[in-house]
Amino acid sequence: MTEQRILITGGTGFIGQTLINRWLAQGAVITVLSRRPAWVQRRWGGRVKSVSGFEQLRGQFDVLINLAGEGIADKRWTRARKQVLQDSRIALTHDLAAWASRSGQRFRVVLSGSAIGYYGGYSGADDRAHGEQDAQGSDFSAQLCADWEAAAEPLRPLTERFLILRTGIVLGVHGGMLKRLWLPFSLGLGGIIGDGRQNLSWIHLHDYCRAVDLLLSHDADSTVNGVINMTAPHPVTNHDFTLNLARELQRPALLPMPAMVVKLLFGEMGELLLKGQDVRPLRLQELGFSYDFADNRDALKDIVRHW
């Protein structure tokens, strides 16, 4: 990673900040494209360059990491919210590719974000394991991911290696899904959602960052291209995840949320809670990636200890 010039979108997010901290320690030169350039400067004490527009980008970059996108589960899916979700992913990625083309960028590697929502959601009874070659699902999340990936395609001829990261639920300290669950579960107000059989395909933030570094390091192998499922090898049901988190917090989990209540509270977005996804990281395993946290309870134990 030393001396590499990295351009990242989504650098102010939960995952992006952790990656930047890791890369700074490795000696990389990092530029963040962000709507909050002053915040970036304060956050890293001037060690990271930040720009708010493409016209401010200068020079060539070795690596492009495209992770920008509004949180898909942050708000109810109104028509306006769906448009925000699309613009923050698809429109930005389209603009990013257009800038790279007109500025003559030639990257060594491009990692562009997507999500396991690409495969669609399934009820617990219908769920099956999905690998990177499986087809696109049919719900809103699946189409959002497919359009996001398509917007990145013009970057493919501009780089030696082009990878799409279909990311699962990322678990880590003070961020992501656990940030929203921490208070209710800490108060003993957590509970199983729906029938609890829906699968949750997850990955510890620590392993996610290690996997990204592994993908960046494979320059000698031009076959390390295409789609990568960024998940742990063993998904967990909502039932078991709920019990694992409650156990590590030493709190009860006695307040289930029936499917009817989920649909009433969250509308269409409730699909994310009621439908599971069993997504396996076949490509990472083929590359010999070794997980530090392959078991969900071990991952939660580590996160609770460091919260």
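The model is predicted, so local features need pLDDT of at least 70 and side-chain atom pairs count only at pLDDT 80 or more, while totals for chains, interfaces and linings use all residues. Residues are numbered from 1 along each chain as its sequence is written, and side-chain values use heavy atoms, with hydrogens and water left out.

Side chains of opposite charge can pair when their charged atoms come close. A salt bridge here means a side-chain nitrogen of Lys or Arg within 4 Å of a carboxyl oxygen of Asp or Glu. The whole structure holds 16 of them.

**Stop one.** Select Asp 213 and Arg 22, whose closest N and O atoms are 2.6 Å apart in a salt bridge. Asp 213 sits in helix α6 (residues 205-216) and Arg 22 in helix α1 (residues 14-25), 191 residues apart. Helices (H or I, at least four residues) and strands (E, at least two) are DSSP runs, numbered from the N terminus. Asp 213 is buried, at 13% relative accessibility, and Arg 22 is partly exposed at 28%. Buried means under 20% relative accessible area, exposed over 50%, and partly exposed in between (1.4 Å probe, protein chains only).

**Stop two.** Now pick Arg 35 and Glu 70, a salt bridge with its closest N and O atoms 3.1 Å apart. Arg 35 lies in the loop between β2 (29-33) and α2 (37-43) and Glu 70 in the loop between β4 (63-66) and α3 (79-102), so the pair ties together parts 35 residues apart in sequence.

**Stop three.** Finish with Glu 286 and Arg 283, both in helix α10 (residues 282-286). Is Glu 286 buried or exposed? Glu 286 is exposed, at 62%, whereas Arg 283 is buried, at 18%.
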